[in-house]
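Please keep the sequence and the model at hand while reading.

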Amino acid sequence: MEENQVLITPISEFTPLGAIREGVIFPHVEMVLTFGRSKSITAVNESFSTTKKIIFVSQKKVNTADPSEADLYKIGVLCEIQRTLKTNDEVNALVKGISRVKIKDVDASGSFLKCTYDLIPPDESKSIEIDALAKQVLSNFKKAVNLGKSVEFLNFMKLMSGVSPDELADQVAATLEVTTHQKQKLLETLSVKARLEGILQHLLKEVNVLEIEKNIATKTQKRFDQSMREAVLRERIRTIQTELGEDNEEEQELKDFKRKIAKAGMPKEVKKKVIKELNRFARLSPHSPEYSFIRTWIETITDMPWSNSTKSKVSISNAEKVLDQDHYGLSEVKERIIEYLSVLKLKQQTKTKKDDQMPTIICFSGPPGVGKTSIGKSIAKALGRKFIKVSLGGIRDEAEIRGHRRTYVGAMPGRIIQGIKDIGVKNPVFMLDEIDKLGADYRGDPSAALLEALDPEQNHEFSDHYLEVPFDLSDVIFITTANVLDTIPPALLDRFEVIEFSGYTSDEKFEIAKQHLLEKVIRTNGLTEGQVKLEPKGLETTISRYTKEAGVRNLERQLSKIMRKAAKKIANNEAKKIEVTDKNIQDFLGPYQFTESLAEKKPEPGLATGLAWTQAGGDIIFIEVATMPGNGKIMLTGKLGEVMQESAKAAWSYVRSRWSELGLKEDFYKHIDIHVHVPEGAVPKDGPSAGDTITTAIVSALTKKPVKRNLGMTGEVTLRGRVLEIGGVKEKVIAGNRAGLKHIILPKANEKDLVKIPEVIKKQMTFHFVEHMDEVLKIALS
């Protein structure tokens, strides 16, 4: 029945009007309402003392304290007040809804609201659809009650006994868990069919929610019941085992722990603490949160090698033999390691106190791929000790070194203690790899935590947060590795004996490949030495035309590439034996990646070759200078650092101050600009050692004299032209030799470093030692 079809009865007599803050009352429904506002209390009292009739209507907003006509909905319910009860400042009233009404005129002039209204009769329409909807609503309402929906028993029984569709709709709507606005919408729906449809929709949602809640409750209860059942069964098992005189699991575990503690050989104080914790563990319930924490701690501390060590005897001759077998070249490094092992041997023979057991911690510093890690393994092999390596690259949390407090969930020892526990002995060779790549953030500084572990004076009582007892690290041989030393904190670096690794020469790479790499890559790729042969000239070409590095990692990759190509041909039955020479090397590795001599370029004015040091070893750089009309400005490009930019400016100032000696006009700079560029612009470059190279390139560009071919140089230059000492001479010279340079200009102060350079390179190159830029220009521009 639509609203325009309803037979509305106008009531012109003013009736008390009460506003309901929250909720909606429906016809046919009895409920208790509580009133606290003065106007509402007055209206209820007035109605109860006279006709007992009152109209209740819901507010549009809950927080409106004194609602006016505009704050109220237009459709309300005429109710009868059956009983009232005053409590303190409030009035409770039992009311029953009679009929829907449409509010017309509201009188707010008195002490309470009054209104006239139109009486809206119930919709008594009948149809098959309405009956079907009513059955559906009743069925789902019953289902909701069975699932736990809260409904008064008498009301539920009344609905089950049979009521009209209109009353059913109102009674069920009053119990729905929906908002005031949604209930008001149902109240304003006059058609019983539409109202039943809306109620059914809300009711189905409620049933779904109740089913989910019941399912969750059932699962929870099942888990609880299962836990209780298991607890009871365990208790019964304990009782049965006790009666039979057998040990239960907990008692057996305690016995195992006691046996392990007795065998561990712990120091007296440590053993005392472990037994104390074990007694505490025995009193705990398996369901206690601390149970698993203490159990894991006891397992960890009893697994530590308190007294287990590898029996090793230092043999210097054996150590030399092992180092020579495993590594080609590196004579200086090997000599320093033999010295270190000699000191270790003597200290073991003459030790009088614990603090004298170990010499200084050694640190291998050098570019990637030169054998730092493998040398550490060889030391362990020579000493007959176990080897363990821990990579520190990217670690930013101090707890990674010192461990976490054991009260934390998932707590574990630090990397050092965990490594020693895993290796099972207290005197391994312990390599801390990439120590220069340690980080630091809000979680602490791992490098600071390493100070104690790597200090021979105090590491005999290293304290790990997880163990909470000191552990003796004095028998451990610590070896650290780094690519650069600049990023290592000074306090940590001070504890190291640094051993520098330089890059390999081409001849050394050839021997390393011949003695070690070839056999390895052939075996790795499933081949035999009879199936593939790499001729010496083919190997030389691989080194010179496909690699440009200080180490041999890229060389190993190129050799593996050759073997993979050969394996493919043999697997496809294209050939039974593969021979690789310098003639067919491009069939395996593709076009040459580098020219045979990087330095063999046509000499041009304004172009000079410099020698540089990088984290990957030595390298050569080209300095380009161009002149153009201008007013004396200098432009610097190539991603140069501050120090290198200052070197370029100092070089320009030196050239301007020496205009006469260089054959330039006094005001030459007023009419030109110069542009200094270092190629490979995406690569950052910095340092003062390119000062003489930049100066030479500027003079070459201004005088139009090209720099001598196959000449490289390095050195810092002052404003007065003095050439100062620089570092990394060996790496720079090896890089120059690799690039095909024949002449090297070095500062006079670096002449002492020539002893570090391999004899084979010294025979191939001519060295010029200078003290002033005049000497550099005389050699370079002749």
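Strand β8 and strand β9 (residues 429-433) run parallel and are joined by five bridges, strands being DSSP runs of E of at least two residues and helices runs of H or I of at least four, numbered from the N terminus. Within this pair, Val390 stands opposite Leu432 in β9.

Both strands belong to an open sheet of five strands in the order β8-β9-β12-β7-β13, with parallel pairing, where two strands pair if DSSP finds at least two bridges between them. Its edge strands, each pairing on one side only, are β8 (387-391) and β13 (496-500).

This is a predicted model, in which local features need pLDDT of at least 70 and side-chain atom pairs count only at pLDDT 80 or more, while totals for chains, interfaces and linings use all residues. Residues are numbered from 1 along each chain as its sequence is written, and side-chain values use heavy atoms, with hydrogens and water left out.

Strand β18 (residues 634-637) pairs with strand β19 (residues 672-677) in the parallel sense over four bridges, and Thr637 stands opposite His677 in β19.

## Helix α9

The end C-alpha atoms of helix α9 (residues 289-303) are 23 Å apart, which agrees with the 21 Å that its 15 residues should span at 1.5 Å a residue, the expected span being 1.5 Å times one less than the number of residues. Among the residues of α9 that are buried are Tyr291, Ile294 and Trp297, buried meaning under 20% relative accessible area (1.4 Å probe, protein chains only).

Terms used: Buried means under 20% relative accessible area, exposed over 50%, partly exposed in between (1.4 Å probe, protein chains only).
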